[in-house]
Amino acid sequence: MANKRVAIIGAGPAGLMAAEVLSQYAYEIDVYEQKPSAARKFLMAGKTGLNISHAEPLAQFIERYDHVEWLRPWVEKWGAVWIQDWMKSLGIESYVGSSGRIFPVEMKAAPLLRAWLKRLAEQQVKFFYRHRCIDLQGTAVTLENQNNQNTETFTQQYDAVVLACGAVSWSQLGSDGAWLQWIDPSNIEPFQPSNAGVLHAWSSFMSDCFGEPLKRVHAWVDPSQIVQGDIVITHYGFESGVIYKLGRALREQQKQEQSLNLFLDLLPDVELSQLIKKLQAGKKQSLTNIWRKAGLDTAKINLIREIVDKALWNQPEIMAEQIKSLKIALDGFRPIEEAISCAGGIKQEALSESLNLKQISGVFCCGEMLDWDAPTGGYLLTACFATGRAAGEGVHSFLER
């Protein structure tokens with residue numbers, strides 16, 4: 001009796017993890033990737049140091065995700081500790097940085113990917129690059145082979161299919177959202193940019209500040225969730241990990257209030273009453289000197305001059321409140337094409353507990369295609385790995401029935 005056949009569409013982290021799970025069994029596994037090589041976004045993420053997971057306590061780690069109860073069993077099973085052990089099995093040592101982020105000792109993604117692909121090939125997983133999936137009818141997959149001078153189109157019937165096609169950011173690396181045509185639109189939460197910069201239209205006065213950081217600020221959308229760190233002023237608005245962490249709250253605010261407002265405490269280490277005294281202390285000095293002595297640097301001073309009405313600048317009590325809670329109206333997010341990741345995707349209710357699409361028996365989904373979101377810091381890759389393994393286990397259970 002011939003072995004059952006599984007197609008995996010997409011050779012990113014989620015698809016490769018599904019392949020790894022299934023390679024333990026006697027299946028024929030074909031991985032199709034439309035790009036000339038595997039895991040291009042993974043490699044791009046690792047160019048400046050591959051942050052693969054985070055070592056914070058699991059209870060805190062899991063709360064970084066939206067749809068937390070959906071992801072919980074998978075992330076608990078295949079979280080940071082499991083990932084470090086898995087890397088070690090590939091000959092890749094890891095370490096925990098001062099921020100709690102986990103990196104390979106070599107920092108780069110390429111050595112890890114090479115070792116991973118080598119092991120999968122040894123386990124008889126077959127890879128087909130420059131093969132673009134153009135149609136899906138049940139578990140029949142229609143592909144374009146772009147390896148030849150003349151594009152060849154063919155259809156293969158499989159016993160199960162894993163879709164690991166990514167979301168819609170960084171489409172030049174393969175995540176172009178072409179798969180959306182195969183899914184009922186009612187099963188899709190519309191994609192939105194996540195871990196992306198936010199927009200604010202500056203006057204020409206601010207041009208000298210582009211690229212400058214607002215150092216050690218507190219930022220919030222809702223005062224119950226304050227994030228601290230540095231925020232970079234850019235030609236289009238703001239960018240930084242602080243902004244990324246507030247992305248979910250900003251999207252929720254936009255959805256409920258049809259507006260976007262960011263609040264900043266520019267001097268979080270100075271109490272309001274102390275700041276008022278500092279602003280009152282130098283009445284014969286220039287405003288710039290007064291503000292500098294209060295603790296503000298050039299970038300923060302320029303931001304205040306840009307945002308706060310000039311008529312208020314000489315009123316210490318009001319200015320202290322502005323410095324401690326500066327409200328900045330935002331105009332939206334950077335284009336989704338530039339976002340590190342996306343919120344939205346295939347809804348939980350459209351999938352079985354094993355990630356089988358309810359509308360297409362035998363077709364499983366994983367990775368960034370699914371409707372979940374997380375900030376940067378290793379959380380994105382961890383969930384891609386975990387949902388890829390969950391889909392692989394789901395396929396095995398399905399084929400064993």
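Q: What makes the crossing of α1 and α13 right-handed or left-handed?
A: The crossing of α1 and α13 is right-handed. A crossing gets that name if the near helix is turned clockwise from the far one by less than a right angle, and is left-handed if anticlockwise. This is a predicted model, where local features need pLDDT of at least 70 and side-chain atom pairs count only at pLDDT 80 or more, while totals for chains, interfaces and linings use all residues. Residues are numbered from 1 along each chain as its sequence is written, and side-chain values use heavy atoms, leaving out hydrogens and water.

Q: Which residues make the contact between α1 and α13?
A: With contact meaning heavy atoms within 4.5 Å, α1 brings in residues including Pro13, Met17 and Leu22, and α13 brings in residues including Leu381, Phe385 and His396.

Q: How do you know which word describes α4 and α13?
A: Helix α4 (residues 68-77) packs against α13 at about 95 degrees, with the axes 9 Å apart. Therefore α4 and α13 are roughly perpendicular to each other. Among the residues in contact are Leu71 and Trp74 of α4 and Thr382 and Ala386 of α13.

Q: Why is the pair of Trp116 and Phe385 given its name?
A: Rings of Phe, Tyr and Trp (its six-membered ring) pair if their centres lie within 6.5 Å; planes under 30 degrees apart count as stacked, over 60 as edge-to-face and the rest as tilted. The ring centres of Trp116 and Phe385 are 5.9 Å apart and their planes stand at 75 degrees, so this pair is edge-to-face. Trp116 lies in α6 (residues 110-122) and Phe385 in α13, so the pair ties together parts 269 residues apart in sequence. The structure holds 19 aromatic pairs.

Q: What makes β3 and β5 a pair of strands?
A: Two strands pair if DSSP finds at least two bridges between them. Here 2 bridges join β3 to β5 (residues 101-104), and these strands run antiparallel.

Terms used
Helix = DSSP H or I, 4+ residues; strand = E, 2+ residues; numbered from the N terminus. Axes fitted to C-alpha atoms, helices over the stretch in contact; angles between N-to-C directions. Parallel < 35°, antiparallel > 145°, perpendicular 65-115°, else oblique.
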